[in-house]
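Please read these notes with the structure open beside you.

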Amino acid sequence: DFAFDSYFDRIGATGVSISDIEAAEVPTASLDWRVRFWFEKKRLAIAERVRQGIPGQAGEMSAALIAGMTGGISSQTSENMRASGLAHVTSISGLHMALVAGAVLGSIRFLLAGFSGFASRRPTKKIAAVFALVAALAYYFLSGGGVATFRSFIMMAVMLAVGYAFMHKVRVPVTWRWVLGYAAAIAGLSELIYKSSKLIDE
C-alpha cells in the first residue's frame with residue numbers, strides 16, 4: 001500500500017512529469033529536513049567513494065555495510081548470502097552498531113589512558129561513552145536510519161548511558177542482564193512509537 005507508507009513518510013503526493021522540469025520557488029525546508037538531506041548527501045558520497053576504491057560486488061557489499069546502500073548487490077550475490085546464512089549481515093543492526101560504538105569506546109579510552117595525569121582526575125569511561133554515543137548516532141544517520149538500525153541505536157544508547165556512565169549512581173543492584181533487558185524494552189517501545197508503520201511492513 002504505497003499510500004500507507006507515503007502518509008507516514010510525510011509525502012503528500014507523487015506523480016510523473018510530461019514536460020520539461022522548471023525551477024520553482026519553494027518554502028524553506030525545516031531544520032529536520034535540512035539535516036536529513038545533509039546526511040543523505042554524505043551517505044551517497046561515502047557509498048560512491050567506497051565503490052570507486054573497491055570495484056565489483058565487493059564494493060557493493062562494502063557500501064551496504066558502511067552506508068546501508070544495498071541497491072547495487074546483484075541477485076546472485078544476494079542468493080549466495082542467503083544460501084550461506086549471511087543475508088542478515090547486509091542489514092545494519094546490532095552487530096554493526098556494536099562494532100562502531102565499541103571501536104570508538106575502546107580507542108578513546110586507550111588514547112586517554114596515555115595521559116596519566118588527565119586519566120587520574122577525569123572520568124575517562126564517561127568521556128569515552130559520550131564519544132561512542134555520538135559515533136553511534138552519526139552511523140545511524142549515515143546508514144539510512146532503517147528500522148533495525150534505529151532499534152540497535154536505542155539499545156546501544158541505553159547501554160552506554162546506564163552501563164558505563166551512570167551505573168555507579170544507581171542504589172539498587174544492577175547487572176548487565178538488567179541493563180540489556182531494559183535496553184531491549186526501551187528500544188521496542190521507541191520503535192513502536194517512532195516507526196510503527198515500518199513494523200507493519202516487516
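1. Some terms come first. A residue is called buried under 20% relative accessible area, exposed over 50%, and partly exposed in between (1.4 Å probe, protein chains only). This is a predicted model, in which local features need pLDDT of at least 70 and side-chain atom pairs count only at pLDDT 80 or more, while totals for chains, interfaces and linings use all residues. Residues are numbered from 1 along each chain as its sequence is written, and side-chain values use heavy atoms, with hydrogens and water left out.

2. Which residues form the aromatic cluster? Trp38, Phe39, Tyr140, Phe141, Phe150 and Phe153 form one. Rings of Phe, Tyr and Trp (its six-membered ring) pair if their centres lie within 6.5 Å; planes under 30 degrees apart count as stacked, over 60 as edge-to-face and the rest as tilted. By this rule there are five aromatic pairs.

3. One of them joins Phe39 and Phe141: the ring centres are 4.8 Å apart and the planes stand at 25 degrees, so this pair is stacked. It links distant parts of the chain, with Phe39 in helix H2 (residues 31-53) and Phe141 in helix H7 (residues 124-142), 102 residues apart. Helices here are DSSP runs (H or I, at least four residues), numbered from the N terminus. Phe39 counts as buried because its relative accessibility is 16%, whereas Phe141, at 31%, is partly exposed.

4. Tyr140 and Phe150 form a tilted pair, 6.1 Å centre to centre with 55 degrees between the planes. Tyr140 lies in helix H7 and Phe150 in helix H8 (residues 147-166), so the pair ties together parts that are 10 residues apart in sequence. Are these two residues buried or exposed? Tyr140 counts as buried because its relative accessibility is 8%, and Phe150 is buried at 8% as well.

5. Leu111, Phe115 and Phe118 make a nonpolar surface patch of about 300 Å². Patches are made of residues with over 30% relative accessible area and no salt bridge; like charges are joined within 9 Å, nonpolar side chains (Val, Leu, Ile, Met, Phe, Trp, Tyr) within 5 Å. A salt bridge is a side-chain nitrogen of Lys or Arg within 4 Å of a carboxyl oxygen of Asp or Glu. Phe118 sits in helix H6 (residues 116-121) and counts as partly exposed because its relative accessibility is 31%.

Terms used. Areas by Shrake-Rupley, 256 points an atom, 1.4 Å probe, with all protein chains shown as cover. Helix = DSSP H or I, 4+ residues; strand = E, 2+ residues; numbered from the N terminus.
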